[in-house]
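Hi everyone, thanks for having me. I'd like to walk you through one protein model today, so please have a look at it while I talk.

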Amino acid sequence: THEDLPLSIQVLGPTPRIPSGLSAAVETNHGTASLGVVLAQHNGLGVDGIAPDVTPRVAGSYTDTNQPYEVNLARAIDRARDWLLAGDVLLIEAQMGGPRWTNPSSQAGLVPVEWQQVVFDAIQAATTKGVIVVEAAANGGEDLDDPIYQGKFDRTQRDSRALIVTAAHAFPIPPGQQAVFSSTGNRVDLFYWTYPLPSAGYGDLQDGTSDDCDYTQSAFGASSGASALVAGGIASLQGVARALFGSPLSVMELGSLLVLTGSQDLGSGARVGVRPEFIQALDSL
C-alpha cells in the first residue's frame, strides 16, 4: 500500500503473513524497500525505481494461518515459476542458516538459499523454464568455497543457473581500505555497491505520517539491496531485448552479457564476480 508502489501488485497464492515473534516493522519494510528499488513509480513522490513499468507479482514464503512458524521458500518459488515466462525475472530476497549459523540474533553464517536442496531444486526448475533468477548471496560473511559447504556452491558439482549477487558496502573504496562483502566465493556471479541506497520504507530518510509514505537511505542494503539493483537492471535490459529482437534474452545469454560487459573493480582475486555495467550491456545489445 506504499504511495510510491503500483496499486496493483498481484499476490500469488495466499496473502503473505508476518510470523509471530518476528518484527512486523522489519519484515514489511524489507519487502517494501526491495520492491521500491525495482519498481517505485516515477510519479513525483519519493524515489524512482529502475524498472517502474514491470508487471509486479509477489509470492510469500510464509502464508499459513493455522500452522507454526514455517518458511517454505521452495513453495513460493514454485508458485512464482507457474506464472512466469521465459525471460522474466524472479528476485529472491531471502537468506538461510548454513552450518556456521549458530546465533539466531546474528546474520553471521547465513548463506544463499539454494544451500537447501529443495530450494535449489525449485530454483533450477525455474531457470530450466527460462526464468532469470536473481538470488541474494546472504549477509553471513561466508566464503562459499570453504569445504564445509561440501561443494554445494561449486558449479562443477551442481549449478542452479541462478545469478548470485553479493554486496560491496562502500563506494568508492578509499585508498588502503577494503570493501566489506556479504558472501564471497567462485559461485558468486555479480556484486553491487549498496550504501546509501534510497528506497521506500523504514522511515530513516522520511518518517511520514503513516508507513505508506516512509522512505529510507541507509536501513536497506547489503545483498538484498544489491540483488534488487541487479534485478531492476536485468528487467530493463529484457525490455530492450524484447523491443529489439522480439524476444528476451535466455538465461545463458543474459548471464554471459553481464559478465562480459561487467567491471572487475575489485580485481579477479576478490571472488565476488563482476559489477554489472548496464549501459555497456545495453550498448552491446
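Predicted model: local features only at pLDDT ≥ 70, side-chain atom pairs only at ≥ 80, totals over all residues.

**Salt bridges, a helix and a sheet**

Let's start with a count: there are twelve salt bridges here, where a salt bridge is a side-chain nitrogen of Lys or Arg within 4 Å of a carboxyl oxygen of Asp or Glu. Residues are numbered from 1 along each chain as its sequence is written, and side-chain values use heavy atoms, with hydrogens and water left out.

Okay, the charged pairs. The general idea is that side chains of opposite charge can pair when their charged atoms come close. Take E142 and R100: their closest N and O atoms are 2.7 Å apart. This pair links distant parts of the chain, with E142 in the loop between β6 and β7 and R100 in the loop between β4 and β5, 42 residues apart.

Is E142 buried or exposed? E142 is buried, at 9% relative accessible area, whereas R100 is partly exposed at 35%. The cut-offs are under 20% for buried, over 50% for exposed, and partly exposed in between, using a 1.4 Å probe and protein chains only.

Next, R271 and D143, with closest N and O atoms 2.8 Å apart. R271 sits in the loop between α5 and α6 and D143 in the loop between β6 and β7, so this pair ties together parts that are 128 residues apart in sequence. Both partners are partly exposed: R271 has 27% and D143 has 28%. There's also a network of salt bridges that links E114, R155, D159, R187 and D189.

Now let's look at helix α3, residues 117-128. Its twelve residues reach 16 Å from first C-alpha to last, close to the 16 Å expected at 1.5 Å a residue; the expected span is 1.5 Å times one less than the number of residues. Which residues of α3 are buried? They are V119, F120, A122, I123, A126 and T127. These cover an arc of only 165° around the axis, which puts them on the same side of α3; the arc is that of the directions from the helix axis to the C-beta atoms. In general, an α-helix has 3.6 residues a turn, so residues three or four places apart point the same way. The cover over that buried side includes α2, β3, β4, β6 and α5.

On to the sheet. It is open, with four strands in the order β3-β6-β7-β8 and parallel pairing, where two strands pair if DSSP finds at least two bridges between them. β3 and β8 are the edge strands, each pairing on one side only. β7 and β8 pair over four bridges, and A167 stands opposite Y192 in β8.

Let's finish on Y192. Y192 is buried, at 19% relative accessible area. What does Y192 contact, leaving aside its neighbours within four places in sequence? Its contacts (heavy atoms within 4.5 Å) include T166, A167, L229 and F278.

Technical notes. Helix = DSSP H or I, 4+ residues; strand = E, 2+ residues; numbered from the N terminus.
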